[in-house]
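Dear colleague,

Please find below the sequence and the structure that I am handing over to you. My findings follow directly after them.

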Amino acid sequence: MGLSTHVLDTMNGCPAAGMQVALYQLNGHTASSEFILVKKFNLNADGRNPDGLLIDHQSLSKGRYRLEFDVASYFANKGVVLPEPNFLEVVHLDFGVAFEDQHYHVPLLVSPWSYSTYRGS
């Protein structure tokens, strides 16, 4: 249970090792609410958080979250020559957790020009 992510580099056909990711949680439910940083980390060789779950089952709470994936820096570090400005800089995924007793897996499939996501298992 809890919250996890996994990133696959579809351009190179491999996990996005080394990509920087940030997790935020929305504080409040009004127009002035803001996302508060929960943690920042670099993906491991398998394209996952090196510490395992982003939020464990006991700590996962109902609410709005954001994952930010630093796509441009990742591909630049891989030696991919991209135009300036890059088509994708940072991918922001906003999602909701409605059921605290379920697992939320938020994978990202990404290239310098496209991305897709879904609620995984």
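The accessible surface of the protein chain amounts to about 6700 Å², and 51% of that area belongs to carbon and sulfur atoms. Please bear in mind that this is a predicted model, and that the values given here were computed from it. Of the 121 residues in the protein chain, 39% are buried.

As to overall dimensions, the C-alpha trace spans about 40 × 30 × 20 Å along its principal axes. A compact globule of 121 residues would have a radius of gyration near 14 Å, and the 15 Å found for the protein chain agrees with this. Contacts between residues at least 6 apart in sequence were also examined: 64% of them join residues at least 24 apart.

The protein chain contains one helix and eight strands. Read from the N terminus, the order of these elements is β-β-β-β-β-α-β-β-β.

Pairing of the strands

Four of the strands make up an open sheet with mixed pairing, in the order S2-S1-S7-S8. Strand S2 (14-15) and S8 stand at its edges; each has a single partner strand, so one side of each is left without a neighbour in the sheet. Strand S1 (residues 2-9) runs antiparallel to S2, and two bridges join them. Within this part of the sheet, Leu8 stands opposite Pro15 in S2.

Strand S3 (residues 20-27) has pairings of its own. With strand S4 (residues 34-42), S3 pairs in the antiparallel sense over eight bridges, and Val21 has Phe41 in S4 as its bridge partner. S3 also pairs with S5, again in the antiparallel sense, over five bridges. Here Gln25 stands opposite Tyr65 in S5.

Tyr24 is another residue of strand S3. Its relative accessibility is 16%, and because buried means under 20%, Tyr24 counts as buried. Neighbours within four places in sequence aside, Tyr24 is in contact with Phe35, Ile36, Leu37, Val38, Lys40, Tyr65, Arg66 and Glu68. Gly47 is 23 residues from Tyr24 along the chain, and the C-alpha atoms of the two are separated by 19 Å.

Salt bridges

How many salt bridges does a search of the whole structure find? The search finds two.

Asp94 counts as partly exposed, at 40% relative accessibility. Arg66 is also among the contacts of Tyr24 noted above.

Loops and the nonpolar patch

Is Ser111 buried or exposed? Ser111 is buried, since its relative accessible area is 8%. Ser111 is located in the loop between strand S7 (103-110) and strand S8 (115-117). Residues up to four places away in sequence not counted, Ser111 touches Thr10, Met11, Val71, Phe75 and Leu88.

Met11, one of these contacts, also takes part in a nonpolar surface patch of about 370 Å², together with Phe87 and Trp113. Phe87 is found in the loop between helix H1 (71-77) and strand S6 (90-97). At 60% relative accessibility, Phe87 counts as exposed.

The loop between H1 and S6 also holds Pro85. Pro85 counts as exposed, at 68% relative accessibility. Between Pro85 and Asn49 there are 36 residues in sequence and 28 Å in space, C-alpha to C-alpha.

Yours sincerely

Methods. Residues are numbered from 1 along each chain as its sequence is written. This is a predicted model: local features need pLDDT of at least 70, side-chain atom pairs count only at pLDDT 80 or more; totals for chains, interfaces and linings use all residues. Side-chain values use heavy atoms; hydrogens and water are left out. Buried means under 20% relative accessible area, exposed over 50%, partly exposed in between (1.4 Å probe, protein chains only). Contact means heavy atoms within 4.5 Å. Two strands pair if DSSP finds at least two bridges between them. Patches are made of residues with over 30% relative accessible area and no salt bridge: like charges are joined within 9 Å, nonpolar side chains (Val, Leu, Ile, Met, Phe, Trp, Tyr) within 5 Å. Accessible areas come from the Shrake-Rupley method with a 1.4 Å probe; for residues, only the protein chains shown count as cover. A salt bridge is a side-chain nitrogen of Lys or Arg within 4 Å of a carboxyl oxygen of Asp or Glu. The radius of gyration is taken over C-alpha atoms; the globule rule is 2.2 Å times the number of residues to the power 0.38.
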